[in-house]
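Here's a quick briefing to read alongside the model. Have a look at the fold first, then work through the notes.

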Amino acid sequence: MSFSQTPAVKAGFFKTDREADGTPVASIAAVQEFGAVVQGRVGHPIVIPPRPFLRQTIARCRNAWVRQLADALRASLRTRAGTSSGGAGATQSSSENLQNFKTLLKTLTARASTSQALTALGHSMQADITDTIRQTHTPPNAPSTVRHKGFDNPLVETGTLQNSVSFQVDT
C-alpha cells in the first residue's frame with residue numbers, strides 16, 4: 001500500500017467468505033440484495049425477489065456513521081493538540097533532523113488515530129448490516145422455501161450470510 005493512500009473502511013462481504021459448498025457469500029448477498037431468476041430443479045424459473053439489506057442499512061445509518069467518524073477524528077485532533085511534541089532538554093544534532101522526526105511522528109500519530117477511528121466505524125457498520133439481515137422479513141419466503149428451511153426468515157438459512165459480514169480498514 002502506498003504511504004499517501006487515503007485511509008478508508010469497507011464493510012460487507014469479501015472474496016474469501018464462502019458457504020460450506022464453496023459458493024461465494026458475496027454472490028448470495030448480491031442475489032438477495034438485487035433479486036434474481038434462477039433455474040429450479042425441474043427447469044422452471046424461480047424468482048428470488050430483491051431484499052435490499054445493504055442499501056437499506058446505508059440509507060438508515062449513513063449519517064450516524066459520518067458523525068461517528070467525524071467525532072472520533074475531532075477527539076483525536078484535540079488529544080494530539082494537547083500533547084507536547086518536543087522533549088525538554090533534548091539535544092539535537094541538527095534542526096532539520098528534528099523537524100523531519102516531528103513530521104514523521106505527527107504523520108504516524110495521525111495514521112494511528114485514523115486507523116482506530118476507522119476500525120471503530122467498521123465495527124459499527126458490521127453490526128448495523130448484521131442487524132438489518134436479522135430484522136428483514138419482507139418480502140416473505142415462498143411457501144416451498146419455508147417448508148425447506150422450516151421457518152420464514154428470508155435472509156437467514158444457515159447463518160453464513162449474517163456471520164460473514166466483516167469490514168476492512170485500509171490506511
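Contact here means heavy atoms within 4.5 Å. By that rule, and skipping residues up to four places away in sequence, Phe13 touches Val25, Ala26, Ala29, Phe53, Leu54, Ile133, Leu161, Ser164 and Val165. Keep in mind that this is a predicted model, where local features need pLDDT of at least 70, side-chain atom pairs need 80 or more, and totals for chains, interfaces and linings use all residues. Numbering runs from 1 along each chain as its sequence is written, and side-chain values use heavy atoms, leaving out hydrogens and water.

**Nonpolar cores**
- Phe13 also belongs to the largest nonpolar core, which has 10 residues, including Val25, Phe53 and Ile129; a core is a set of buried Ala, Val, Leu, Ile, Met, Phe, Trp, Tyr and Cys residues joined through side-chain atoms within 4.5 Å.
- A second, separate core of 6 residues includes Val9, Cys61, Leu118 and Met125.

**Salt bridges**
- The whole structure has 4 salt bridges (a side-chain nitrogen of Lys or Arg within 4 Å of a carboxyl oxygen of Asp or Glu).
- Lys10 and Asp170 pair up at 3.4 Å, N to O.
- Asp170 is buried at 9% relative accessible area, while Lys10 is partly exposed at 42% (buried is under 20%, exposed over 50%, partly exposed in between, with a 1.4 Å probe and protein chains only).
- Glu33 bridges to Arg55, with the closest N and O atoms 2.7 Å apart.
- Glu33 is buried at 2% relative accessibility, whereas Arg55 is partly exposed at 41%.
- Asp131 and Arg134 meet at 3.1 Å, N to O.
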